[in-house]
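Biologist: I would like to learn how to read charged pairs in a model, step by step. Could we go through one together?

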Amino acid sequence: MNLLKRYLRNPAAVVGLLLLLAVVAGALAAGWVYPRNPLSLAGRPLQWPGDSARFLLGTDQVGRDIAAQILHGARISLGIGVVATAIAAIIGLVLGAVAGFYGGWIDDVLMRITEAFQILPNFLLLLVLVAVFGSDIRTVVLSIGIVSWPPVARLTRSQFLALRHGEFVQAARSLGVGDIKLIFREILPNALPPVIVYASVIMAVAILLESALAFLNLSDPNVPSWGNLIGAGRGVIRVQWYVSAIPGVAILLTVLGISLVGQGLNDALNPRLHRS
């Protein structure tokens, strides 16, 4: 309850939470509001928003309902963000925990592997993975998770280096607790708060990475993602700019909401900001 109270004291964090809840609500309501396949043809192409009561946000260049794609695309974008974040967190937590707990040559080897993944920018490495393994949505999500784990590993390692010699660890070790239990039951729960906060960054970046891929026609064209809708509107952006602008605003608000929630969690979990 104290954490919730501290979070709610931050107006920006509350705004971010409301934005994120609105996106989640839209994703949950998509199947009820628009039960048909959002990629099916629905009407005359390139109807502007407001021209027809049937198509509140207009139609794209092939006659698909943009509003339906926005709501169903919320499912895709949030799903990509959550799954890619989970993949990155699992890889980063395991490698960072092992490196920070054992140190020595194990730490050196794992950190060199981490640095190898950080030589190329995330998006360039993502392009390589998609070019090699294909642009199926599962491959795209897995690839985004694979390029996103190094910062999690470094953050987890730094937390383990600070905590591994703590009194609670020494007490557990004196009771005969093994290394695996020490890592995952004793140290990891205490190292999680900053990782949880950073997960919001990964989730926001994952949504942007998939959108960038879709804009370049390198994502799965068979899913109604916001990035695919932006990419599809490139050819008519000079005259029917709304086709790309509407999903762009949706991505902006979603990423902004996730970022504000992450910042709010960071402030709420930071004890130095709440000393009386």
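**Reading salt bridges**

Modeller: Let us begin with one side chain: at 33% relative accessibility, E115 counts as partly exposed, where buried means under 20% relative accessible area, exposed over 50%, and partly exposed in between (1.4 Å probe, protein chains only). This is a predicted model, in which local features need pLDDT of at least 70 and side-chain atom pairs count only at pLDDT 80 or more, while totals for chains, interfaces and linings use all residues. Residues are numbered from 1 along each chain as its sequence is written, and side-chain values use heavy atoms, with hydrogens and water left out.

Biologist: What is the mean pLDDT of the chain?

Modeller: pLDDT is the predictor's confidence in each residue, from 0 to 100. The chain has a mean of 88, and 97% of its residues reach 70 or more.

Biologist: How many salt bridges does a search of the whole structure find?

Modeller: Side chains of opposite charge can pair when their charged atoms come close. A salt bridge is counted when a side-chain nitrogen of Lys or Arg is within 4 Å of a carboxyl oxygen of Asp or Glu, and the search finds five of them in the whole structure.

Biologist: Which residue forms a salt bridge with E115?

Modeller: The partner is R112, and the closest N and O atoms are 2.9 Å apart. E115 and R112 are three residues apart in helix α4, so about one helical turn separates them. R112 is partly exposed too, with a relative accessible area of 44%.

Biologist: Where do R157 and D107 lie?

Modeller: These two side chains meet in a salt bridge at 2.7 Å, N to O. R157 lies in helix α7 (residues 150–163) and D107 in helix α4 (residues 104–118), so the pair ties together parts that are 50 residues apart in sequence. D107 is buried, at 8% relative accessible area, whereas R157 is partly exposed, at 22%.

Biologist: What distance, N to O, goes with the salt bridge of R173 and D179?

Modeller: For that pair the value is 3.8 Å. R173 is partly exposed at 37% relative accessibility, and D179 is partly exposed at 28%. Elsewhere, salt bridges that share partners join R112, E115 and R154 into one network.

Technical notes:
Helix = DSSP H or I, 4+ residues; strand = E, 2+ residues; numbered from the N terminus.
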